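Subject: Structure for you to look at

Hello,

Here is the structure I said I would pass on. Please open it and keep it beside this message while you read.

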Amino acid sequence: MQRTWLEDIAPRECADLLESSWLGRLGVTVDGHPEIFPVNHVFDRATGSIVFPTNARTKLHSALDEALVAFEVDGVLADEVVGWSVLVIGPAIEVTDPDTIARALALRRAAWAVSEHTHWLRIEPIKMTGRRIYLVEG
């Protein structure tokens, strides 16, 4: 018989997992219902925030219109017996500081398109939680 075992992940390790991931999901409310968008992000240790590029459409407007947004990254280890998830809640703020944008560009690992029309958002975590999920035999 198989069952699962959950373990909380410490905040420092949550930050490490955010930093090691390059694809996350942004959760916002659009026209009164939840929507999830994939985003190519970086974890900026200098500010302790998640930073990502977007265009001037639904993601940008919905994130800035809400008091708080949700952001999640997760993964499964190679043996497929252990998975993990990190959830961040916080306000999304448009980034206009050239140094912050330059730092985010330097940290990016995936080259999704950015241009002079790109907007940058930062999520300032007010809550960061993580869980590790084990599949246990017996």
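Predicted model: local features only at pLDDT ≥ 70, side-chain atom pairs only at ≥ 80, totals over all residues.

An open sheet is built from 6 strands in the order 1-10-7-6-2-3, with antiparallel pairing. Strand 1 and strand 3 are at the edges and have a single partner strand each, so one side of each has no neighbour in the sheet. From one strand to the next, the twist averages 25°.

Two of the pairings can be followed residue by residue. Strand 2 (residues 23–30) and strand 3 (residues 33–40) run antiparallel and are joined by 8 bridges. Leu26 has Phe37 in strand 3 as its bridge partner. The hairpin of these two strands has 2 residues between the strands, and Asp31 there takes a positive phi near 50°. Strand 2 is also joined to strand 6, by 3 bridges, again antiparallel. Here Arg25 has Glu72 in strand 6 as its bridge partner.

The helices on the sheet

Helix 1 lies across strand 1, strand 6, strand 7 and strand 10, at about 85° to strand 10. Helix 2 (residues 58–65) lies across strand 2, strand 3 and strand 6, at about 65° to strand 2.

Which residues of helix 1 are buried? They are Cys14, Ala15, Leu17 and Leu18. Viewed down the axis of helix 1, these buried residues fall within an arc of 160°, so they line one face of the helix. In general, an α-helix has 3.6 residues a turn, so residues three or four places apart point the same way. The buried residues of helix 1 pack against several strands, including strand 1 (2–9), strand 7 (82–90) and strand 10 (127–137).

The cores

The largest nonpolar core has 24 residues, and those touching the most other members are Leu18, Leu26, Ile50, Phe71, Val86 and Ile123. Helix 1 gives the largest share of this core, 4 residues. Leaving out residues up to four places away in sequence, Val86 touches Leu17, Leu18 and Phe71, among others. Another core, of 6 residues, lies apart from the largest one; among its members are Val42, Val51, Val95 and Ala104.

Ile9 is in strand 1 and is buried, at 6% relative accessible area.

The salt bridges

Side chains of opposite charge can pair when their charged atoms come close. This structure holds 8 salt bridges.

One of them joins Glu7 and Arg132, with the closest N and O atoms 2.9 Å apart. Glu7 is in strand 1 and Arg132 in strand 10, so the pair ties together parts 125 residues apart in sequence. Glu7 is partly exposed, at 32%, whereas Arg132 is buried, at 13%. Glu7, Glu13 and Arg132 are linked in a network of salt bridges.

Asp74 and Arg25 meet in another salt bridge, at 2.6 Å from N to O. Asp74 is in strand 6 and Arg25 in strand 2, so this pair ties together parts 49 residues apart in sequence.

Arg103 and Asp44 also form a salt bridge, with the closest N and O atoms 2.9 Å apart. Arg103 is in helix 3 (residues 98–107) and Asp44 in strand 4, 59 residues apart. Is Asp44 buried or exposed? Asp44 is buried, at 3% relative accessibility, while Arg103 is partly exposed, at 29%.

Regards

How values were computed
Residues numbered from 1 in each chain as written. Heavy atoms only, no water. Pairing = 2+ DSSP bridges. Buried < 20%, exposed > 50% of the residue type's maximum accessible area, 1.4 Å probe, protein only. Arc of directions from axis to C-beta. Contact = heavy atoms within 4.5 Å. Axes fitted to C-alpha atoms, helices over the stretch in contact; angles between N-to-C directions. Core = buried A, V, L, I, M, F, W, Y, C linked by side-chain atoms within 4.5 Å. Salt bridge = Lys/Arg side-chain N within 4 Å of Asp/Glu carboxyl O.
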